Amino acid sequence: MEGEEKFCATSLESLIDFSVERLGQNVRVLPTDAGKKQEYTVSAKATMIGDHKAAVCHKMRYPYAAHYCHVIADTEIYEVPLVGADGTKVKAVTVCHLNTSAWSPYQGRSQKFFLF
């Protein structure tokens, strides 16, 4: 996307460095709880926990640590409580993009870590 900053982080240190350089010293790491593979249902109202700009890092399938990171603006970050079919409770972090006019209609995203 136009204006999006991208980076391939091959260590936790480079992931943090990229995020701090783009967002400043006051960042928080918000991982989505792993949970096991099963059907989940939203169990309560989502809570907005950040807005404006976020660095999002997606784990890549490589034999070593690699994350695709990108900085996105015009966002709202939410924490969503979920309950699994077996009663397991987890919290997911998700980003709402406030302007998707430049996106392909087929563009999909998954997330793992959010820093803002």
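1. Buried means under 20% relative accessible area and exposed over 50%, with partly exposed in between, for a 1.4 Å probe and protein chains only. By that scale Phe7, at 31% relative accessibility, counts as partly exposed, whereas Phe18, with a relative accessible area of 3%, is buried.

2. On the basis of these notes: the model is predicted, so that local features need pLDDT of at least 70 and side-chain atom pairs count only at pLDDT 80 or more, while totals for chains, interfaces and linings use all residues. Residues are numbered from 1 along each chain as its sequence is written, and side-chain values use heavy atoms, with hydrogens and water left out.

3. Turning to the aromatic residues, a search of the whole structure finds two aromatic pairs, where rings of Phe, Tyr and Trp (its six-membered ring) pair if their centres lie within 6.5 Å, and where planes under 30 degrees apart count as stacked, over 60 as edge-to-face and the rest as tilted. Phe7 and Phe18 form a stacked pair, at 5.0 Å centre to centre and with 10° between the planes. Because Phe7 lies in strand 1 and Phe18 in helix 1, the pair ties together parts that are eleven residues apart in sequence. Helices (H or I, at least four residues) and strands (E, at least two) are DSSP runs, numbered from the N terminus. The rings of Tyr62 and Tyr64 have their centres 5.9 Å apart and their planes at 25°, so this pair is stacked; Tyr62, at 48% relative accessibility, counts as partly exposed.

4. Ser11 sits in the loop between strand 1 (5-9) and helix 1 (12-23), and with 26% relative accessibility this serine counts as partly exposed. Ser11 and Tyr64 are 53 residues apart in sequence, yet their C-alpha atoms are 9.1 Å apart in space.

5. As to charged side chains, a salt bridge is taken to be a side-chain nitrogen of Lys or Arg within 4 Å of a carboxyl oxygen of Asp or Glu, and by this rule the count comes to three salt bridges. One of them joins the side chains of Arg22 and Glu5, at 2.6 Å from N to O, and it links distant parts of the chain, with Arg22 in helix 1 and Glu5 in strand 1, 17 residues apart. Arg22 counts as partly exposed at 29% relative accessibility, and Glu5 is likewise partly exposed, with a relative accessible area of 32%.

6. Arg22 also meets the side chain of Glu21 in a salt bridge, at 2.9 Å from N to O, and Glu21 is exposed, with a relative accessible area of 61%. A further salt bridge is formed by the side chains of Asp86 and Lys36, at 3.0 Å from N to O. That pair links distant parts of the chain, since Asp86 is in the loop between strand 5 and strand 6 (89-97) and Lys36 in the loop between strand 2 (29-31) and strand 3 (40-42), 50 residues apart. Asp86 counts as partly exposed, at 42% relative accessibility. Salt bridges that share partners join Glu5, Glu21 and Arg22 into one network.

7. For the cysteines, a disulfide is counted where a pair of cysteine sulfur atoms lies within 2.5 Å, and by this rule the count comes to one disulfide. The disulfide joins Cys57 to Cys69, with an S to S distance of 2.3 Å. The torsion about the S-S bond of Cys57 and Cys69 is about 115°, so the disulfide is right-handed. Cys57 lies in strand 4 (residues 47-59) and Cys69 in strand 5, so the pair ties together parts that are twelve residues apart in sequence. Both Cys57 and Cys69 are buried.

8. Cys8, by contrast, is in no disulfide, and the nearest cysteine sulfur, that of Cys69, is 7.9 Å away. Cys8 is partly exposed, with a relative accessible area of 48%, and Cys96 is also partly exposed, with a relative accessible area of 34%.

9. One backbone angle deserves a remark. Most residues other than glycine have a negative phi. Asp74 has a positive phi of about 55° although it is not a glycine; Asp74 lies in strand 5 (residues 67-84), and at 47% relative accessibility Asp74 counts as partly exposed.
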